[in-house]
Amino acid sequence: KIGKTSLLWTMDPGTTLFVDLEAGGLSVQGWPGDSVEVRTWELARDLACFLGGPNPAMRADQNYSQAHYDAIADTFHAGMHPGKYKTIFVDSITVASRLCFQWGTGQPEAFSEKTGKPDVRGTYGLLGREMIAWLTQLQHIKDRNIWFVGLLDAKKDDFGRITHEPQIEGSKTGLELPGIMDQVVTMTELVSEDGKPFRAFVCTRPNPWGYPAGDRSCKLEQTEPPHLGQLMEKIKTGEKRNPAEYFYTLGDNNE
């Protein structure tokens, strides 16, 4: 409840598509831009294929292929014009993983070939492959800003150390997510020097709070105002710093 979905209000409604998987109606009630509700994994997959276009590397029997695109394009063309969108705001990847897992439990891979009983390992394997393919399909859309919103879990190990991980079904997607995305931003509440709380984006790591973050643009400060429109503008037009100075601090323990 930090205000993730409400970030939609910081973007241009004329050029933003809101992909609503969470039914977050109250926080965006009255949003004047285009939106599409997604309640099944099949629809999430078809939408990604339509927005990203056919992937020429895929066979005709695979998702995101030319055959897949041809089969679903007319359904979306009736009410959606992807060329008008500069930003696609997906809320949330957490719910997307749940829809994918629920779909996966009914697929042949989710059952043992020998006994016919449910096989959780097969389900999670399918989940990982499906989620990575879906994210990659959306991430490869050219000339668009693609934002995936998700919840963050705080976990404490046996030594009392706290780590933060994306709340996503299965481990494969969470582990590979930072390698797929150009920007990783944590929206959180911090405390100023005078003791007043304020919301902020944590954009780089290492950071004092141990939050997931990463800035491939080399243009952001460690913390930025929680305004997605301004953040995208800074990534686009801000001054880029020397990556060697931006990412690395030389020391005895560095290799």
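User: What makes β3 and strand β4 (residues 145–149) a pair?
Analyst: This is a predicted model. Pairing takes at least two bridges between two strands. β3 and β4 have 5 bridges, in the parallel sense. They count as paired. Within that pairing, I88 has I146 of β4 as its bridge partner.

User: How do you know that strand β1 (residues 16–20) pairs with β3?
Analyst: Apply the cut-off of at least two bridges. β1 and β3 are joined by 5 bridges and run parallel. They pair too. V19 stands opposite V90 in β3.

User: Why is strand β3 (residues 87–91) called largely enclosed?
Analyst: Buried means under 20% relative accessible area. In β3, 5 of the 5 residues are buried, so the rest of the structure largely encloses this strand.

User: Which residues of β3 point which way?
Analyst: T87, F89 and D91 point one way, while I88 and V90 point the other way. All are buried. In a regular strand the side chains alternate between the two faces of the sheet.

User: What makes the radius of gyration of the chain agree with a compact globule?
Analyst: For 255 residues, a compact globule would have a value near 18 Å. The chain has 20 Å, which agrees. Its C-alpha atoms fill a box of roughly 60 × 45 × 40 Å along the principal axes.

User: How much of the chain is buried?
Analyst: Buried residues make up 40% of the 255 residues.

Terms used
Residues are numbered from 1 along each chain as its sequence is written. This is a predicted model: local features need pLDDT of at least 70, side-chain atom pairs count only at pLDDT 80 or more; totals for chains, interfaces and linings use all residues. Side-chain values use heavy atoms; hydrogens and water are left out. The radius of gyration is taken over C-alpha atoms; the globule rule is 2.2 Å times the number of residues to the power 0.38. Buried means under 20% relative accessible area, exposed over 50%, partly exposed in between (1.4 Å probe, protein chains only). Helices (H or I, at least four residues) and strands (E, at least two) are DSSP runs, numbered from the N terminus.
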